[in-house]
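These are my notebook entries on one structure, set down in the order in which I looked things up. The sequence and the model come before the entries.

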Amino acid sequence: MAVLPADPSEWQVWLAESAQRVASACSDDALDAPVFNAAADERSGTQFWLSSVLNETVVHGFDAANAANRPADIDPDIAAALISNHLAMLTSPTWAMQRSESAHAIRGTGQTLQWLATDTPADTGAWLIERRPDGATWQPGTHQADVTMTGPAGSLLLTLTRRLPLTDHESTGITIDGDTVLAQHWLDNTAHAAD
């Protein structure tokens with residue numbers, strides 16, 4: 001574990017050095033290195049961890065901006081990529097091993113949830129989750145679903161990571177069509193590393 005600075009005046013240097021360590025660890029040479037990918041998808045381990053670090057930075061950056069009563073601007077394309085990363089992790093075998101209670105709670109009998117971003121291209125801003133008896137799965141794309149959440153990609157990401165409430169349309173711009181209880185169940189049972 002990193003040793004945090006005791007003197008608040010040292011934080012800026014410590015954060016800059018930490019960012020440099022992350023950038024060095026994710027160099028071009030490291031992208032194809034044999035590193036564990038916790039999502040067990042097609043990405044290399046370094047690509048997975050790079051997405052995870054970006055997720056932590058964006059989500060906790062929102063936390064900091066929110067605490068300072070400042071607006072947080074999340075690029076829609078980055079938010080969309082992080083939503084895909086989030087769903088890949090939540091539906092992975094590693095998640096089932098590490099967070100078995102969550103993986104069990106998000107199983108179902110075929111219920112579907114559709115997340116649609118209004119500010120990204122359809123091929124990168126649509127995600128369908130299916131709750132199956134053997135585990136939840138997801139795929140990109142638009143399909144008929146039991147519940148559909150539509151809104152800006154940044155709001156969808158912040159709702160998925162429980163930074164914004166699902167049903168507060170005024171602050172999120174998200175509309176819900178269908179079974180809101182199903183969507184809230186998903187959110188209530190998907191603790192994520194950024195929490």
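**Entry 1: nonpolar patch and aromatic pair**

I began with the surface and found that Leu4, Trp11 and Leu15 make a nonpolar patch of about 290 Å². A patch takes residues with over 30% relative accessible area and no salt bridge, nonpolar side chains (Val, Leu, Ile, Met, Phe, Trp, Tyr) being joined within 5 Å and like charges within 9 Å. Accessible areas follow the Shrake-Rupley method with a 1.4 Å probe, and for residues only the protein chains shown count as cover.

I note that this is a predicted model, in which local features need pLDDT of at least 70 and side-chain atom pairs count only at pLDDT 80 or more, while totals for chains, interfaces and linings use all residues. Residues are numbered from 1 along each chain as its sequence is written, and side-chain values use heavy atoms, with hydrogens and water left out.

I then looked up Trp11, which is found in helix α1. Helices (H or I, at least four residues) and strands (E, at least two) are DSSP runs, numbered from the N terminus. Trp11 counts as partly exposed because its relative accessibility is 32%; the class lies between buried (under 20% relative accessible area) and exposed (over 50%), with a 1.4 Å probe and protein chains only.

How many aromatic pairs does a search of the whole structure find? I recorded one aromatic pair. It is formed by Trp11 and Trp14 and is edge-to-face, at 5.2 Å centre to centre and 75° between the planes. Rings of Phe, Tyr and Trp (its six-membered ring) pair if their centres lie within 6.5 Å; planes over 60 degrees apart count as edge-to-face, under 30 as stacked and the rest as tilted. Both Trp11 and Trp14 lie in α1 (residues 11-25), three residues apart, about one turn of the helix. An α-helix has 3.6 residues a turn, so residues three or four places apart point the same way.

I next listed the members of a negative surface patch: Asp73, Asp75, Asp77 and Asp119. Asp and Glu count as negative and Lys and Arg as positive, while His and the chain ends are not counted. The place of a charge is taken as CG of Asp, CD of Glu, NZ of Lys or CZ of Arg.

Asp73 sits in the loop between α2 (45-67) and α3 (76-90), and counts as exposed because its relative accessibility is 78%. Asn69 is also placed in the loop between α2 and α3. Asn69 has a positive phi of about 55° although it is not a glycine, and its relative accessible area of 72% makes it exposed.

**Entry 2: salt bridges**

I counted two salt bridges in the structure, each being a side-chain nitrogen of Lys or Arg within 4 Å of a carboxyl oxygen of Asp or Glu.

Arg163 pairs with Asp63, the closest N and O atoms being 2.8 Å apart. The pair links distant parts of the chain, with Arg163 in the loop between α6 and α7 (169-172) and Asp63 in helix α2, 100 residues apart. Arg163 counts as buried at 18% relative accessibility, whereas Asp63 counts as partly exposed at 26%.

Glu130 pairs with Arg132, with 3.3 Å between the closest N and O atoms. Glu130 is partly exposed, with a relative accessible area of 24%, and Arg132 counts as partly exposed at 35% relative accessibility.

Why is helix α6 (residues 153-160) largely enclosed by the rest of the structure? I noted that eight of its eight residues are buried, so the rest of the structure largely encloses it. Among them are Ala153, Gly154, Ser155 and Thr159.

Just after α6, Arg162 takes a positive phi of about 60°. Arg162 is placed in the loop between α6 and α7 and is partly exposed, with a relative accessible area of 36%.

**Entry 3: distances across the chain**

I looked up two C-alpha separations. Asn55 and Leu157 are 102 residues apart in sequence and 9.5 Å apart in space, C-alpha to C-alpha. Asn55 is in helix α2 and is buried, with a relative accessible area of 2%.

The C-alpha atoms of Ala145 and Pro5 are separated by 49 Å, the two residues being 140 residues apart along the chain. Ala145 lies in the loop between β3 (135-140) and β4 (147-151), and its relative accessible area of 17% makes it buried.
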